[in-house]
Amino acid sequence: MDAQFAITGRDFVVSVTDKAIVHSIVRMKNNQDKTCRLSSHTLMSVTGEAGDTSNFAEYIQGNVRLYSVRNSQDMAPSETANFIRNELATALRSRKPYQVNLLVAGVDRNSGEASLYWIDYLAAMAKVPYAAHGYCAYFLYAVMDREYTQNITLEQAFVIIKKCFAVLKERFMVDFPDFTIKVIDQSGTREYAVADI
Amino acid sequence: MNRIAEQLTLSASDSPNNQLDGGSSNICGTGVQFELASGNNPAAFTQQYTDVKSERDARIKMDHGTTTLAFKFKHGVLVATDSRATSGNVIASQSVKKVIEINPYLLGTMAGGAADCSFWERVLGMECRLYELRNKKRISVAAASKLLANLVYRYKGMGLSMGTMVAGWDESGPGLYYVDSEGQRVVNDLFSVGSGSTFAYGVLDSHYRFDMSVDEAKDLGRRAIYHATHRDAYSGGIVRMYWVKEDGWVAYPLEDVGELYFRYHPEIKLTHAAESPLAAQRAA
């Protein structure tokens with residue numbers, strides 16, 4: 001029941017996740033950040049099975065950081081996404097696969113190009129302009145297909161995101177009180193409140 | 001049950017040296033060793049008997065009948081639990097200790113399998129002591145809860161049932177984490193775990209403030225457990241309450257929830273009030 005989606009634009013990526021941690025019928029926490037900062041210009045949002053999310057995220061975070069330290073240079077978003085997919089695929093047919101769904105968003109520091117990679121729990125990967133995971137995908141893909149155009153600006157992306165929030169509020173059985181909205185562009189990563197977009 | 005127990009125990013001849021497919025499990029660096037079920041995949045084997053989704057009659061049914069709660073406030077962390085244990089429709093005990101004293105400044109609560117909680121929190125206590133000896137300082141609540149979460153994550157899917165809150169006071173002030181056998185670890189100011197948790201949340205959420213006094217916090221904890229035991233059949237007995245402050249935890253006198261009922265509802269009178277055993281107490 002997690003909401004997880006992202007949209008790329010001309011030179012930025014916006015990642016949106018909800019903030020709830022749910023256990024059976026109880027919402028245990030309302031302000032959880034479901035994204036994982038891999039580097040100053042790469043972000044990974046993680047949802048899925050309870051313990052697997054944090055363990056996998058911390059494992060990837062450690063390895064990406066190690067690469068940066070060893071090579072004095074951050075991994076590019078495409079390298080990061082492929083590394084992550086490979087780790088997931090290796091674990092898939094092992095004793096215990098990770099049940100996590102990911103969206104890897106990043107801006108390449110050299111070319112300025114923004115990219116978004118959709119990776120599911122079976123380690124399938126696709127480079128896409130916009131994507132969603134979970135039940136919310138059933139509602140949001142139609143909205144994003146209808147409204148999206150190439151090279152949108154940040155303001156236009158926020159308009160699309162507000163339409164996404166509207167359809168979830170109107171039609172999805174779970175009401176999300178709050179969302180984590182993060183924008184990655186050439187200058188790095190920053191967070192927005194729902195009221196400020 | 002005996003046949004299952006036999007199957008799950010390796011006999012003396014199956015020493016770790018002549019390894020079968022199962023062999024033994026050494027919990028990373030802790031020196032605690034025990035043997036896993038023999039066979040190719042111990043996890044799948046135990047899952048048949050403990051998996052909640054399985055329909056098999058042989059399933060070992062884990063009862064989560066309990067109410068435990070903990071919340072952070074200005075003066076520390078308040079931890080309160082009930083004390084009832086049920087097996088099926090029978091109340092097995094009304095005086096279970098669901099708060100585990102890990103060390104003089106860390107507390108853990110118990111929900112789910114009693115053995116799982118008390119064993120793993122005992123191992124956690126050992127690891128916390130080793131940390132103190134190695135680093136010459138007390139372990140933080142974040143690190144302690146992470147140790148516990150990592151310990152149980154290795155056994156994810158193998159049938160552990162544990163939903164615990166780790167409460168303590170460290171350099172950054174009061175600390176409270178929820179850790180469960182699914183591998184979940186969450187930090188927050190307020191938690192309630194167990195079958196009665198929804199009832200407790202109702203009372204807690206409507207009266208909780210961070211800047212409560214100690215007496216207000218105790219009253220809130222007591223009330224929340226009482227209301228949960230009143231509505232949840234699987235919670236009851238007595239309220240066990242602890243207050244974790246800067247120099248460690250203190251335990252409070254036990255209170256029977258039956259007596260709390262009459263204290264909170266002074267308008268309820270027994271028909272033969274004068275002869276009731278509680279008449280003297282209520283008159284006071």
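The structure is a predicted model. Chain B and chain A bury about 1,500 Å² between them, and two salt bridges are counted across that contact. The second largest pocket holds about 1,000 Å³ of space, and two cavities of 30 Å³ or more are found in the whole structure.

**Interface of chain B and chain A**

- The contact draws on 22 residues of chain B and 17 residues of chain A.
- Of the buried area of about 1,500 Å², carbon and sulfur atoms give 50%.
- On the chain B side, the most area is lost to chain A by Tyr153(B), Lys156(B) and Gln184(B), which together make up 34% of what that side buries.
- Lys156(B) also forms a salt bridge through its side chain with Glu49(A), at 2.8 Å from N to O.

**Chain B side of the interface**

- The most comes from β12(B), with four residues.
- By class, this side of chain B has 10 nonpolar, seven polar and five charged residues.

**Second largest pocket**

- A total of 41 residues line the second largest pocket.
- Nearest its centre lie Ala20(A), Ile21(A), Lys34(A) and Thr53(A) from chain A, together with Gln184(B) from chain B.
- Gln184(B) is also one of the residues of chain B that lose the most area to chain A.
- From chain A, β3 (21-23), β4 (26-29), β5 (35-39), β6 (42-48) and α1 (50-71) each supply at least two residues of the pocket lining.
- The most lining residues come from α1(A), which gives six.
- The lining divides into 16 nonpolar, 12 polar and 13 charged residues.

**Second largest cavity**

- The second largest cavity contains about 30 Å³ of space.
- Its lining is made up of Asp18(A), Lys19(A), Ala20(A), Asn30(A), Phe176(A), Pro177(A) and Asp178(A).
- Three of the lining residues are nonpolar, one is polar and three are charged.
- Ala20(A) lines this cavity and is also among the residues nearest the centre of the second largest pocket.

Conventions:
Residues numbered from 1 in each chain as written. Chains lettered and ligands numbered in written order. Predicted model: local features only at pLDDT ≥ 70, side-chain atom pairs only at ≥ 80, totals over all residues. Heavy atoms only, no water. 1 Å grid on protein atoms, 1.4 Å probe; cavity = no way out; pocket = protein on both sides within 12 Å on 5 of 7 lines; lining within 4 Å. Points joined across faces, edges and corners; volume = space filled by probe spheres on them. Nonpolar A, V, L, I, M, F, W, Y, C, P; charged D, E, K, R; others polar. Contact = heavy atoms within 4.5 Å. Buried area = accessible area lost by both parts, 1.4 Å probe. Salt bridge = Lys/Arg side-chain N within 4 Å of Asp/Glu carboxyl O.
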